[in-house]
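Let's take a tour of this structure, one spot at a time. Have the sequence and the 3D view open as you read.

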Amino acid sequence: MRLYSVTIRLLILLAVLTARSSLGDEWKLYRHEGRDYVSLDNIAAFYAFPPPQPIPQMAAPASPSAPVHARSIPSEEPSADGANPTFLLSPAAFTLTNGKNTLTLTPNGREAQINGVNQWLAFATVVEDGRLLVSRLDLAKVIEPRLRPEKAQGLGPVTTVVLDPGHGGHDNGAYSHFGLEKDFALDVVTRARQALERKHYNVILTRSADLFVPLPERPNVANHLADSIFVSVHFNSASSNPDARGFEIYSCAPRGAPATNDGGFSPRDLREEPGNVMDTQNTILAGAIYHSLLGHIPVPDRGIKHARFAVLRLCTQPAVLIEGGFVSNSPESALIASPAWRQQLADAIVTGIGNYKELAEQHLAPKLVADYRSAAEAGK
């Protein structure tokens, strides 16, 4: 037990030293409960936001966990059926905007909003001595690639898209009286494949029929293909809350960050996963697709999240997992059962992939949800 605790402390120290080395002289670090933080003032100055208003001292929340109102089935992994926090931006949230970017942060909360899309942070912000502090990990792994994706390094070309329809075979996934998740996911992926092939992508499906494919084999398809990305499609279910609805998207949790749906930090969070080699690319791919989803389909925004689902943590190419609505919600399950709506979902996924490709190959910043909605209004 003593050796185990010493090993954990050494891993934490190594993670802290690595994090500090990645920050330049522009950042002043604050320590809180063993983690590095930066101030909202520092963030505003670096990203050319106007200086934020003074922040009053606030009491820390009674519990680090967000309110829980739903149970979800985010992937085939039984252990992933965890509590799903509800996104609630506090009225006391602080918003920074400069005409190009907008960043909203909740004091003592993990809820943030970046350019009009909800984003879950790994750690709650901290109000201390009149400063709002954001974890260094969230700055590096979430805020920076979301505010300045065009400056990201290591974005390779995209020639192949691996589409992964969740579940299959004996694994039905979530279900409603309209049908099964495995069938809805396969239909959306098949439609997306046709649209991508018309745009001259090479497209591979992890399954093209009602077959069971073990979890490790799914990301392994993309791992052996150069210049590929991996997109897994699922649908949600919330047995304890029939009103739960909306989209969410996941990328692999960075090393040192808890999964969004976990109750708190654990030693497992310090383990380096194969998928962490693509942390920046994963974040940017998730943002590009999610902005397209919400920009084309008016459903509730449940946020961009982190997870350690097998298909994400084992994928060494850029990878995301999409939850395309709740089959447990009667109105939303009726939409999901509509072929026309599933075509709309497939088209939105394809557009998001195209925006990521343009960024990676031409350094063109992806469109934001506001861009899609403005175009839709102009079209009307």
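## D164 and its strand

D164 sits in strand β11, residues 160-165. Strands (E, at least two residues) and helices (H or I, at least four) are DSSP runs, numbered from the N terminus. Is D164 buried or exposed? With a relative accessibility of 0%, D164 counts as buried; buried means under 20% relative accessible area, exposed means over 50% and partly exposed is in between, using a 1.4 Å probe and protein chains only. Apart from neighbours within four places in sequence, D164 is in contact with V189, T206, R218, F230, V231, S232, V233 and V311. Contact here means heavy atoms within 4.5 Å.

A quick word on where this comes from: the model is predicted, so local features need pLDDT of at least 70 and side-chain atom pairs count only at pLDDT 80 or more, while totals for chains, interfaces and linings use all residues. Residues are numbered from 1 along each chain as its sequence is written, and side-chain values use heavy atoms, with hydrogens and water left out.

## A259 in its loop

Next stop: A259, found in the loop between β16 (247-252) and α6. A259 is buried as well, because its relative accessible area is 9%.

Which residues does A259 touch, not counting residues up to four places away in sequence? They are A253, H306, A307 and R308. Take A307: A259 and A307 are 48 residues apart in sequence, yet their C-alpha atoms are 4.6 Å apart in space.

## Helix α6 on its own

Helix α6 covers residues 279-296.

Two packed helices are described by the angle between their axes and the distance between the axes. Axes are lines fitted to C-alpha atoms, for helices over the stretch in contact, and angles run from 0 to 180 degrees between N-to-C directions.

α6 and α9 pack at about 140°, with axes 8 Å apart. That makes α6 oblique to α9; angles under 35 degrees count as roughly parallel, over 145 as roughly antiparallel, 65 to 115 as roughly perpendicular and the rest as oblique. On the α6 side, the contact includes Q281, I284 and L285, while Y356 and L359 are among the residues from α9. By class, this contact has 11 nonpolar, six polar and no charged residues. (Ala, Val, Leu, Ile, Met, Phe, Trp, Tyr, Cys and Pro count as nonpolar, Asp, Glu, Lys and Arg as charged, and the others, Gly among them, as polar.)

With helix α10 (residues 369-379), the axes of α6 come within 8 Å and cross at roughly 30°. α6 and α10 are therefore roughly parallel. H291, S292, L294, G295 and H296 of α6 meet V369, Y372 and R373 of α10, a set of three nonpolar, four polar and one charged.

## α4 against α9

Helix α4 (residues 181-198) and helix α9 (residues 339-362) have axes that come within 8 Å and cross at roughly 50°. The two are therefore oblique to each other. Residues meeting here include F184 and D187 in α4 and P339 and R342 in α9. The contact divides into 11 nonpolar, one polar and four charged residues.

Terms used:
Expected span 1.5 Å × (residues − 1).
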